[in-house]
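User: I'd like to go through the labels on this one and see what backs each of them up. Can you take my questions in turn?

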Amino acid sequence: MATSVTTPPSLSFFSSSVFFTSSQRQNLKPLVAFKPNSLKTPTARPLAISSELTTLPILSFTGEKIGETYLDVKAAPPETARAVVHRGIITDLQNKRRGTASTLTRAEVRGGGRKPYPQKKTGRARQGSTRTPLRPGGGVVFGPKPRDWSIKINKKEKRLAISTAVASAAVNTIVVEDFGDKFEKPKTKDFIEALKRWGIDPKQKSMFLVMELSENVVLSSRNIGTLKMLTPRTLNLFDILNADKLVLTQDAVDYLNGRYGVDFEAEDEEGDEEEAGGGEVELVEEDAGVAADENPAPAE
């Protein structure tokens with residue numbers, strides 16, 4: 001008895017829908033629903049920059065809680081925050097490089113004009129100069145030369161990197177009242193006792209951000225190697241990331257909320273420069289006019 005074996009349909013040129021009947025072609029379902037980009041409806045994307053609102057306690061000089069404040073600064077989304085902060089810190093560290101390292105090549109080293117020994121009949125490798133990189137006192141191969149290491153970063157990107165770092169360090173941030181007038185005389189021991197009252201270990205790295213620095217505060221804190229005392233002018237990304245504790249004053253919190261908050265709008269510095277340039281031009285024209293009046297042209 002002959003048995004019929006059914007073979008599975010194979011994908012070939014003859015299985016194309018071109019060879020199907022009209023009734024069979026109606027039952028076909030497309031495998032991929034193709035739609036050009038011009039006909040696709042745009043989907044709403046979330047904002048790339050969000051605001052991180054954090055409540056921080058305010059401590060008195062004696063270490064007691066006297067109130068609360070909030071820190072509301074911009075923060076990059078989690079998927080790009082690491083890249084933004086990394087680019088900011090690499091830019092700061094690389095722009096600090098002086099790029100003055102320099103070595104001498106074999107063409108720049110003094111001496112080496114005489115051939116050290118004959119070319120042949122010595123059994124040694126041929127040498128044409130004593131200043132070859134293979135000999136002591138010779139040149140350096142692929143050594144460093146003076147170069148410019150600085151790289152560019154956008155102002156908004158750098159500002160976002162700092163605000164993101166501050167927002168991520170909010171869990172280790174405390175706010176203290178202004179202590180500039182609390183130190184009658186410079187004394188490191190008094191400053192260490194104040195750190196302990198605020199719950200800060202003197203052996204941990206801490207960063208203070210204050211609006212103004214009094215002389216007694218500077219002298220009292222400069223001998224503590226784990227402490228950084230900064231102002232808005234010296235605020236940088238490296239010290240924020242390197243610190244275990246961030247200590248802010250109420251004025252510093254207001255500055256961060258105003259400078260790195262969502263409502264901050266940078267002024268158009270280029271426009272200001274153009275306006276200043278226009279004023280200078282007008283001043284020059286006025287001066288030229290005055291000079292022309294003082295020194296009239298001789299009559300023909």
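User: Where is the place of Asp251?

Analyst: Asp251 is in helix H7 (residues 250-259); helices are DSSP runs of H or I with at least four residues, strands are E runs of at least two, and numbering starts at the N terminus. A heads-up: this is a predicted model, where local features need pLDDT of at least 70, side-chain atom pairs count only at pLDDT 80 or more, and totals for chains, interfaces and linings use all residues. Residues are numbered from 1 along each chain as its sequence is written, and side-chain values use heavy atoms, with hydrogens and water left out.

User: Why does Asp251 count as partly exposed?

Analyst: Buried means under 20% relative accessible area, exposed means over 50%, and partly exposed is in between (1.4 Å probe, protein chains only). Asp251 has 46% relative accessibility, so it counts as partly exposed.

User: What makes the negative surface patch, and which residues form it?

Analyst: The members are Asp178, Asp181, Glu212, Asp251 and Asp254. Patch residues need over 30% relative accessible area and no salt bridge, with like charges joined within 9 Å and nonpolar side chains (Val, Leu, Ile, Met, Phe, Trp, Tyr) within 5 Å.

User: What makes Glu157 and Arg87 a pair that links distant parts of the chain?

Analyst: Their side chains meet in a salt bridge at 2.9 Å, N to O. Glu157 is in helix H3 (residues 155-168) and Arg87 in helix H2 (residues 78-95), 70 residues apart.

User: And why is Asp92 called buried?

Analyst: Its relative accessible area is 17%, so it falls under the cut-off for buried. Asp92 meets Lys158 in a salt bridge at 3.9 Å, N to O. That pair also links helices H3 and H2, with Lys158 and Asp92 66 residues apart.

User: How many salt bridges are there by this rule?

Analyst: The count comes to four.

User: What is the phi of Lys121, and where is the residue?

Analyst: Lys121 has a positive phi of about 65 degrees although it is not a glycine, and it is in the loop between H2 and H3. Most residues other than glycine have a negative phi.

Methods
Accessible areas come from the Shrake-Rupley method with a 1.4 Å probe; for residues, only the protein chains shown count as cover. Lys and Arg count as positive and Asp and Glu as negative; His and the chain ends are not counted. The place of a charge is taken as NZ of Lys, CZ of Arg, CG of Asp or CD of Glu.
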